[in-house]
Structure formats: structure tokens, C-alpha cells
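Subject: Structure for your review

Dear colleague,

Please find below the structure that I am handing over to you. I would be grateful if you would look through it with the notes that come after it.

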Amino acid sequence: MAALILSAAACGSENNQRVSEGESLSGTELTVYSGRSEEFIGPFFADFESATGINLNVRYGDSAELAAQLLEEGNNSPADIFISQDAGSLGAVAESGMLTTLDAEILNLAPTEYQAKSGAWVGLTARARVFAYDPVKVTELPDSIDDLLDPKWNGKIGIAPTNASFQAFVTALRQLRGEVAAESWLAGIAANNPVAYEKNSMIVEAINAGEIELGLVNHYYIYEVAEALGGEINVKNGFFAVGDPGNLINVSGAGILNTARNSAGAAELIKYLLSNESQNRFVSDTNEYSILLEVPSPQGLPTFADIGTPVVDLDALKDVRLTQEMLVRVGLL
Amino acid sequence: MAGGIAVPRMLQISALFVLFLASIPLGYLLLRAIASGFAAASAVLLREKTVSTLITTVGLAILVALFSAMIGISSAWLIQRTNLPSPGLFLVLGTLALAVPSYVSTYAWIALIPSFAGFAAAVFILSLTTAPYVLLAALASLRRIDATQEESARASGLTASQVARRVIWPQSRPAIFASLLLVMLYVLSDFGAVSLLRVDTFTRVVHTMYKATFDRSAAAVVALILVLLAAILIYVEYKARGSAVAAKSGLGSIRSATRIDLGFKKYLAASYLLIIAIASLGVPIYVLITRFVSVAAEINVSNLVSATIATVSAALSGALLAMLFAIPLGILAARYSGRLSRYAEFGILLTHALPGVVIGLALVALGSRLGFLYQSLPLLAFSYAVLFLAKAVGSIRTSIARVPRVYDDISRSLGNNNWQTIRKITIPIAAPGVITGFLLVLLTAMKELPATLMLRPTGFDTLAIEIWTQTSISQYGQAAPYALILVLVAATPTYLLSRPDRAQSSESRENMTL
């Protein structure tokens, strides 16, 4: 009964979707499933609430776990919008047909390479894969991920094979080099006895503690760990040569559920997060890259053009099953 | 125990109803696994990985049970039967380890030793985490054994070790085996420690499959292997438990055995217990405090308070519901040893071995069809009740089994019917044991994470959720206040668990059991 009343109310608000100010949405509720942590995106949500009068019910969680939950809920999901830490989770939900095609007004805000071809989701921020390293012990920096196969790295590399970000990188590697070459690279890394960690942050902590010398992580973890440990750490970010698969750029992003009761509010939220102001704030507060080309890179980091990101179809990053099977075959999972 | 007495209709109906509710996750798993089809299921099962995972999981469960038994039984014996200095303090310390969630102690050890990982590390952490269960069970049975039995055994010429083997062990065995079963089922279902330590047990594999492939059917097939493993364990324990029931020499009170004088070795014994306490309790608390201080994180007091209230209210309602569910099943298991009670016990224990993520997803599948009930406090409490039903039923069963049957007969001869007997005789006498079970469920529910993540009301963040959120972004300093409060809050029921003798009358001590 309550659901009926709610959905009737939702239909009413959908009719007002074209009101761009969102004034008519004031006082409405919006349920957000957020794979991005409260620490980083919470302040944006708070400001959005006070600017629009829309009340957000935010359910924080792990992106992949929230995606699994959405798939289990199906059409009964209470969620209006899904914000994910990686393209893979968005792709999985989109593939099941649960995400609506976003308005051109939203899709036009972001470069086409950072959104689903189908228009089911759009990127919000970008993050680069890097190698984090100990600047004292590592004097000769690797140019390519292939340099890491050198026996001199035996036992000195940290990876996070169960982590979505590492698996996205391997998926991209398969896309770029083909299955055979990707598997032989993984087998080579496995032969070098890498130390496996559960999370990227643990890799950075291990480098700082002198346990390992280098690790494959996302670029912003060194800032997070430095903050958590309360000061300077002995870890730096390094980039491979231009075009190397190790320089993959992945995105966090958002999609609106087909069954959303407040899809107008959800659209407002995406537009807010893609605004110049929010994008600049992501760069300065969370050290992430903006999805918008005109917003400068985080301080001390090269631009996308300088990194030389390999060309990868982010939509295809959801295909992690073969990646996992490969990781199992080479013994990394 | 002898059957023969007809199971009261009300009891039968309510037991069946609870059993039906508790079997929802298993039913969900079966449906999901069947949906994957035979070919897909065998492809998942016949992977090389399955064999190594099986060896890891079984090996871990056996080794943890062994070490946990060693720590738990030796601590119980030292505390209850020797002139160890301040036994009360060591009892509290030994039990308080229950207040530290396995993911918190694991993280603390990693923070201390970054290379802390792998199988041996998992054996270490999980043995420390589960030893209190064995300690409490062993302690309760030691307390129950009447000194006169031991004295007459000694008088008839048996040595101390013969007394231990022939008098003490047979009477403690059922309770200790039952606690070891819970320990092994816990190892099967633990996620926090094994994932942080990178040990591939079935629960971790199920989790990885859910997370990375979004393939719920394949994960369900793997989860069914877990169910099978649990079934084997439960069967083995059922056979090994034996039918020995602790007997008292009379209906009067139990006299405690005299304590053995260890001489100067009592200090060695004290250091042994102290080392265990440092490993299980000292290290996590030390790391939490230093991490917290090193960042001087601003404490968000209102967040902390609301998370504490959320934790306590959810765990309390979950534990109450679990006890309510457990009453008919506990009475059934203790008093009417028919087929129904055996199947009921079996089914509940199977559910106990399921990873929280499986139970969570099962209730998501069902709950999301329930409209306003979905992601509400009642459904969260219900999930706790299902998750921890085995603990609740176990404690009710043992405490009711300890009420002498003859009381029932006397009650009936006085004209009370079955329900009146249960209400007037059984429940009052069994109450202390029931309270113990309640505290145990309360404590476990406070630390629960995977099901809470999926089923909590949106915005309703418990302490466990806050800790998980903060550690997942490497902000362990920020997680520290939440972890400290959780340990403190969980320490309250834990403390009560360790001190039934102080908190209640000496009469109730006899019935204190797991």
C-alpha cells in the first residue's frame, strides 16, 4: 500500500523532470547506493542537499557488493541512483538492463570515452593506475609493466589480485594485448613471487614499512595512507612510459535505475557532481582527476595527455570472469 | 534421552514454523545453485581450485579447533582447578577476547607486522578468537562436576590423570565437543580474518565470486560445498559427543573440587595466560589506541553516539528474537529426542556455517519483495536471529537438559499439564543458561558485518559498519574510535558471560553452560 502511494507520488514528480532548477524537487527523497565512501563523497552530498532541498538517503558500501545487491533486488530495488567506484560494477548492473539511458543533457557533459556507449552510465572522476615505489631503494624506475618481469624484482612487488582495480587493469591488458600475451605477463609476474595484499592501501603501507619496494596501485592511495599515518611517507607515484597498459585510467561513475522513483532528482545529482565546481573540488579534496578536460590535474601530477593512457573500452571492464579464471590459472588468486 | 512423551502440539507447530524461517537461506542457495544448471555447476566444482580450497578450509578448521581446544581447556583448568593467582581476572581476560571482532584483531596484527598473512597467521588469529568459546564451555562443565565423584575416584586408588580421563573428561566431553563444533562452523563462515590474511577458504571464494563476477549461481554452488562440509562436521560431532550426561550425586547442590596447588609453577601458568591475553586483547587495543593517537583524528561524537545506539538496538532486538525463536527448538531438542528435534538441530547448525554474505543475499532476494519491511530494523533483527539461532538453541538445549527430568514428573503428578510444567518449572530453572545464550548472541550480533551491510536501514550505520567503511579506505586512525567503542560495548555482555557466579546465585552456577 505504502509502495503504491510512493510510486504514485514518484510518477507525479517525474512529470516535472524538465524543470532544471530542481526547485520543484525540494523536499523529495532520493535513495543513493554509493560505492564511493562517505569520507570522500559525503561532503558533496551534504552540499547538494542544502542547495536543492532534496533529501538524500545514502547507502554506502563496496561498489561490487552494492552491484550484487542491486542485481538481487531487481525491479524491487529501493535505489534511485547507483554511484560506483569503478566502471566494472556499473557495467554489470547496466548489462542486466536495470539502468536507464541517461539524458543527452547529462551525457554531453562528459567526454565519450568516459561513459557507457549505451548511455547507461557516465563517469564522475578518473583515476590512473601507477606504480607506487620506495624512492630510496628504487633508483632505476621501470618503463613498462614488462620491466617488472625482471628477476631483480623477485619478492619485491606488491599487488592486490582480489581487488577490483587490479582486476580491471588485467581485463584492460587482455583487451590491449590479447589473451595469450596477457596470461604470459601474469605468469611472469607470478614467477617473480609478488606479495599479494587485499587492498591498495595495504600495498602503500607495506612499501612505507620497507616490506616491499614497489606496488601496482591507483594514484591517490599514497595521499590517503600519508593522511592515515599522519604525515610524510616514504612512497612516491611513478608512471610507466606513454601508452603502457600499466597507465590505465579507470573511472568512478553513476547510473540511474529504471525503477527510480525520483529519476529527476537523480539526474540533478549527477549534473551537480559533474559541475565545474564539484569537479574542481574532487581534484583538490580527493586528489582524483576530473572527468572534464578543462579542469586541471591534481597538484603534482601529470595531465592525462602526459601520462599517455592506453585506449581501452571501459564498458568491457565488467568482463572480469575470464580475468579471474586467468588469475586462478597462474596462481595469483 | 528417552522419547515416549508426546510432543505438545503448540511446541511442534512453533518449532516447525521457526525451522521454516531458519531454512530460508538454505532454500535460496538451493534455488540459485539449481538455476545454474548441471553443466555450469560441475564446471565450478571440478576446478583445480576446489581441491586446494577444500584442503585449506578443512585444514584450517581442524587446526583451529585443536589449538582453540588446547588454549580453552588449559585456561579453564588453570582458572577453575588450581591456585592460580587472581583466577577471576584471567577468566575476564580470557573471555573478553570475544569482544574483539576477528577483522579488528587481524588488522591490528597486520599493523604491527606488515608481513603477517597466510595460513599459519589465520590459524593463530582464529584460534585466539574462538578459544573463549571452549574456555566457557569447559569451565561450565568443570563447575558442574561434583567433587564427591572425584574424591571417591581418588579414594578408590585412581591417579590424578586417571581421574581426569575417567571422571572429568566423560562429563565435560559433550559440552566441549559442542563448543568445538561451533568453533569449526565459525571457521567455515569467517570472512574478515581469512580475507585480510589472504587464505582461500570456501567462504572467501564465495565472496570473491559474488564480488568479481556478479555470478550468484556459481557462488551458490561453491556455498553448497560449505553446507556439505558443515553437514559432515555436525554428523561427526553428533557421533563423537556420546550420550554421557553429567550426573550429580543427589538433587542437592554441587560441591566444588579442591584446587590443586601448583607451587611456584603458578607464576608460569599466570604468564602463559597473560601471553594469550596480550595476543588476543592487548595487541588489538594497543594498536587501536596508538593509531588513534598518531592521527589525532577529530572524533565525530554525534556519529559515534548514533553508531553505538544503532549497534545496541539492532543487536538487542536480534538477540531477543533469536531467543524467542530458539525456545521451542531448545525445549524440543532437550526433552523430546524424536526425529523432528534431530532434524531441527541439524538444519540450524547448517545455517550457522553459511557465510553472512549468503544469508544477506538470501534475505535481500526475499526482503526486497516485502516492500516497507525491506531494509528495516525488524528484518535486520530477523537476519541476526537466523544467523545466530544455533548459539541460542544450543544454550537453551543444554540448560533445559540440566533440569532434572524428575521435576517434570513431580510437576505433572501435581496436576500441571506440559505447558504449565514448561512455564512453571523448566523456564525458571533454565533461565541463567538462557541468559548466557542471550548474551552470546547479543555479543556476536554486535560484531556482525556482511548481513548488516545489506540489510540495515539506509543511513543506519552500526559501529561494525563504520569500522569497515573507515578501514576500507585505509583510514585506520579514523576507524579506531569506533573499534574501541565496539570493543567496550561488546565487553559488557562478555563480562557478564565470564561472571555468572558473581552476578547470580550459586544455584544458577550449576546451570551456566554454553
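This is a predicted model: local features need pLDDT of at least 70, side-chain atom pairs count only at pLDDT 80 or more; totals for chains, interfaces and linings use all residues.

Chain B as a whole

Chain B has 514 residues, of which 60% count as buried. Its secondary structure consists of 25 helices and zero strands. Among the contacts in chain B with a separation of 6 or more, 85% are between residues 24 or more positions apart. The chain exposes about 19800 Å², and 69% of this is supplied by carbon and sulfur atoms.

B:Val58 is found in helix H4 of chain B. Is B:Val58 buried, partly exposed or exposed? Its relative accessibility is 30%, so B:Val58 counts as partly exposed, a class that lies between under 20% for buried and over 50% for exposed.

The contact between chain B and chain A

The size of an interface is often given as the accessible area lost when the parts come together. Here, chain B and chain A bury about 4100 Å² between them, with 52% of it on carbon and sulfur atoms. Chain B brings 50 residues to the contact and chain A brings 47 residues.

How many salt bridges are counted between chain B and chain A? The count is one salt bridge. A:Glu72 forms a salt bridge with B:Arg32, and their closest N and O atoms are 2.8 Å apart. On the side of chain B that touches chain A, helix H11 (residues 202-213) of chain B gives the most, with seven residues.

One residue of chain A

Finally, A:Thr31 is found in strand E1 of chain A, residues 29-34. This residue has a relative accessible area of 13%; because buried means under 20%, A:Thr31 is buried. Leaving aside its neighbours within four places in sequence, A:Thr31 is in contact with A:Asn57, A:Pro78, A:Ala79, A:Asp80 and A:Ile81.

Yours sincerely,
A colleague

Notes. Residues are numbered from 1 along each chain as its sequence is written. Chains are lettered from A and ligands numbered from 1 in the order in which they are written. Side-chain values use heavy atoms; hydrogens and water are left out. Helices (H or I, at least four residues) and strands (E, at least two) are DSSP runs, numbered from the N terminus. Buried means under 20% relative accessible area, exposed over 50%, partly exposed in between (1.4 Å probe, protein chains only). Contact means heavy atoms within 4.5 Å. Buried area is the accessible area (1.4 Å probe) that two parts lose on being put together, summed over both. A salt bridge is a side-chain nitrogen of Lys or Arg within 4 Å of a carboxyl oxygen of Asp or Glu. Accessible areas come from the Shrake-Rupley method with a 1.4 Å probe; for residues, only the protein chains shown count as cover.
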